[in-house]
Amino acid sequence: VCLEKSVPREQLIYIDVHMVTLLPQFTHYAVPSKAVSAVTMGKPILFCGNRESDNWSMFRDSGWFIKDDEALKSEIEAFCMEITKEEIRQKATNASTYSSKLNQMVLDSYHFIGQFISSM
């Protein structure tokens, strides 16, 4: 297990689980692009924030939740010790499914906009 503060964008694909953090006061005001980026690469997330956040609501099947509290370091260490390769594979499969759904939403939106413009 290797925890890094920063990873160059071109190397993100090599990370098995991406950590995504969101301060509770930003719940419903911000959606960390780290979560969307990870999921669109078919990678699961370890989410640290509020359970009611949009990221967790959308991607809960593609990740794990840990509380943002005083025990954060020990929670991360416990997660790293207990996680299995099979769990990572399953969450990655779920992330790939979300990625396909997100791509379809983009295509559907462009199609809708195109139809709207052509009907004017």
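Two strands are taken to pair if DSSP finds at least two bridges between them. Helices (H or I, at least four residues) and strands (E, at least two) are DSSP runs, numbered from the N terminus. The model is predicted: local features need pLDDT of at least 70, side-chain atom pairs count only at pLDDT 80 or more, and totals for chains, interfaces and linings use all residues. Residues are numbered from 1 along each chain as its sequence is written, and side-chain values use heavy atoms, with hydrogens and water left out.

**Figure 1. Overview of the protein chain.** The chain has 4 helices and 3 strands, and its elements run β-α-β-α-β-α-α from the N terminus on. Taken along the principal axes, the C-alpha atoms fill a box of roughly 60 × 30 × 25 Å. Of the 120 residues, 29% are buried. Here buried means under 20% relative accessible area, exposed means over 50%, and partly exposed lies in between (1.4 Å probe, protein chains only). Accessible areas come from the Shrake-Rupley method with a 1.4 Å probe, and for residues only the protein chains shown count as cover.

**Figure 2. Strands E1 and E2 and the crossover between them.** Strand E1 (residues 18–21) pairs with E2 in the parallel sense, over 4 bridges. His-18 has Ile-45 of E2 as its bridge partner. Between the two strands the chain passes through helix H1 (residues 33–40), and this β-α-β crossover is right-handed. A crossover is called right-handed if, with the strands pointing away from the viewer, the path from the first strand over the helix to the second runs clockwise.

**Figure 3. Strands E2 and E3.** E2 also pairs with strand E3 (residues 63–66), in the parallel sense and over 4 bridges. The bridge partner of Cys-48 in E3 is Ile-66. E2, helix H2 (residues 54–59) and E3 make up a right-handed β-α-β unit. Strand E2 (residues 45–48) is covered on both faces: Ile-45 and Phe-47 are buried on one side, Leu-46 and Cys-48 on the other. E3 is likewise covered on both faces, with Gly-63 and Phe-65 buried on one side and Trp-64 and Ile-66 on the other.

**Figure 4. Cysteines Cys-48 and Cys-80.** A search of the whole structure finds 0 disulfides, a disulfide being a pair of cysteine sulfur atoms within 2.5 Å. Cys-48 is in no disulfide, and the nearest cysteine sulfur, that of Cys-80, is 13 Å away. Cys-48 counts as buried because its relative accessible area is 2%. Cys-80 has a relative accessible area of 17% and is therefore buried.

Figure 5. Side chains of opposite charge can pair when their charged atoms come close. The structure holds 1 salt bridge, defined as a side-chain nitrogen of Lys or Arg within 4 Å of a carboxyl oxygen of Asp or Glu. Glu-86 and Arg-89 form a salt bridge through their side chains (3.3 Å, N to O). The two residues are separated by about one helical turn, because Glu-86 and Arg-89 are 3 residues apart in helix H4. Glu-86 is partly exposed, its relative accessible area being 47%.

**Figure 6. A nonpolar surface patch.** The patch is formed by Val-106, Tyr-110, Phe-112, Ile-113, Phe-116, Ile-117 and Met-120, which together have about 830 Å² of accessible area. Patches are made of residues with over 30% relative accessible area and no salt bridge; like charges are joined within 9 Å, and nonpolar side chains (Val, Leu, Ile, Met, Phe, Trp, Tyr) within 5 Å. Val-106 is located in helix H4 (residues 85–118). With a relative accessibility of 43%, Val-106 counts as partly exposed.

**Figure 7. Residues in the segment before E1.** Glu-10 is placed in the segment before E1 and is exposed, with a relative accessible area of 60%. From C-alpha to C-alpha, Glu-10 and His-111 are 31 Å apart in space, and they are 101 residues apart in sequence. Val-17 also lies in the segment before E1; Val-17 is partly exposed, at a relative accessible area of 21%. Val-17 and Asp-61 are 44 residues apart in sequence and 13 Å apart in space, C-alpha to C-alpha.
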